[in-house]
Amino acid sequence: MTGSTAASFTADDYRARMERAARTAAEAGLAGLLVAPGPDLVWLTGYTPPAVTERLTLLVLAAGQDPVLVVPALEAPDAQKAAGAPALTLRDWTDGKDPYAATTALLDASGRFGISDNAWALHLLALQQAVPGSSYTSLTEALPMLRAVKDAAELELMTAAGAAADATFEEIRNVPFAGRREAEVAADLDRLLRRYGHEQVDFTIVASGPNGANPHHEAGGRVIERGDMVVLDFGGLKDGYGSDTSRTVHVGEPTDEEGRVHDIVREAQEAGFRAVRPGAACQDVDRAARAVIAGAGYGEYFIHRTGHGIGVTTHEPPYMIEGEERPLVPGMCFSVEPGIYLPGRFGVRIEDIVTVTEDGGRRLNTTSRELVIVE
């Protein structure tokens, strides 16, 4: 992730996020939060360490306590440049000194803390040893909705990322498919996403013919042929916020069965979208899409959840899946992406990112969901 995210938000924005995170942690019965380098740290402070390193970097948040970012001394100048730096206190440590002393002094000796999922075991074990009365739980387990509800500025960035992905699809549908390897088309997707402003490309799935029956197929050396159905699923980060869209195209004219399966998935995707409204449960979106596919006799071939949250990462809570009763809230952003996967034959998936509005939902992807014919 580049520094472009920081330019979009002010120190006051980051201060508000840190205060809300600390308050939410207290309401959840936690003594505080320990945030390691990763998407949570970027979202809370605007700071990305210059490199992956074993040196301890940790943001300590607790209600009624000023935020403190513990950093290696050699990286403190970079941390001071972060957009959120004026809203926190920097505490550095030098090589040869105990890196945990600056952190443990901030901790309730008997407290339970939420800690980033991607925190190094090395650091967590050291903290447990230094403060034996403390305990820890993963941040996603403790506060799964911390980043789920986007504010107006974040929604603007999400909308722009979706538009960039749409522009990519409008161009990729005009490139040659037949006679080219999947990996070549995937490279086109990567190039186009970057042309339209993505600083990071997370995935470029090009799954042709029987490979389309594998939802997470890695684009490879298979040569795309006339008569192939091709699943395209691509996205990444633009100005620090995610895009993710899927469309299924066909090389030449489809068979009646292929057209029918695509129509069923398109109807399921529409049903999932129409189920989006404030107060509805996440599982309601999954149920609505799944009911269409099951009703058409293909229920056993829809083998994944209907959607996932998206924001500063391309996959995050909430999840549109049976058993998730969490209510939808205006500002949440997530995918609606049902699919049908026929082993050894072909697959179809259609995906839009959707945000919850005050009275329903709004698609952040607006390209045609009809079956597109490519050459």
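The structure is a predicted model in which local features need pLDDT of at least 70 and side-chain atom pairs count only at pLDDT 80 or more, whereas totals for chains, interfaces and linings use all residues. Residues are numbered from 1 along each chain as its sequence is written, and side-chain values use heavy atoms, with hydrogens and water left out.

With neighbours within four places in sequence set aside, Leu61 is in contact (heavy atoms within 4.5 Å) with Met18, Ala21, Ala22, Gly32, Leu33, Leu44 and Pro67.

Two packed helices are described by the angle between their axes and the distance between the axes. For helix 10 (residues 256–274) and helix 11 (residues 282–295), the axes come within 7 Å and cross at roughly 155°. Axes are lines fitted to C-alpha atoms, for helices over the stretch in contact, and angles run from 0 to 180 degrees between N-to-C directions. The two helices are therefore roughly antiparallel, a term applied to angles over 145 degrees. Helix 10 passes helix 11 in a right-handed crossing, that is, with the near helix turned clockwise from the far one by less than a right angle. Ile264, Glu267, Ala268, Ala271 and Gly272 of helix 10 meet Val285, Ala288, Ala289, Val292 and Ile293 of helix 11.

Most residues other than glycine have a negative phi, and most peptide bonds are trans. The peptide bond from Pro317 to Pro318 is cis, with omega near 5°, and Pro318 is found in strand 12 (residues 316–320). Asp239, although not a glycine, has a positive phi of about 50°. Asp239 is placed in the loop between strand 8 (229–238) and strand 9 (241–242) and is partly exposed, at 25% relative accessibility.

Thr53 lies in the loop between helix 3 and strand 2 and is buried, with a relative accessible area of 17%. Beyond its neighbours within four places in sequence, Thr53 is in contact with Glu75 and Trp120. Thr103, in helix 5 (residues 101–104), is buried at a relative accessible area of 0%. With the same exclusion of neighbours within four places, the contacts of Thr103 are Leu56, Leu58, Val60, Val70 and Leu127. Ile353, in strand 16 (residues 352–356), is buried at 2% relative accessibility. Apart from neighbours within four places in sequence, Ile353 is in contact with residues including Met158, Asp244, Ile310 and Phe334.

Methods:
Helix = DSSP H or I, 4+ residues; strand = E, 2+ residues; numbered from the N terminus. Parallel < 35°, antiparallel > 145°, perpendicular 65-115°, else oblique. Buried < 20%, exposed > 50% of the residue type's maximum accessible area, 1.4 Å probe, protein only.
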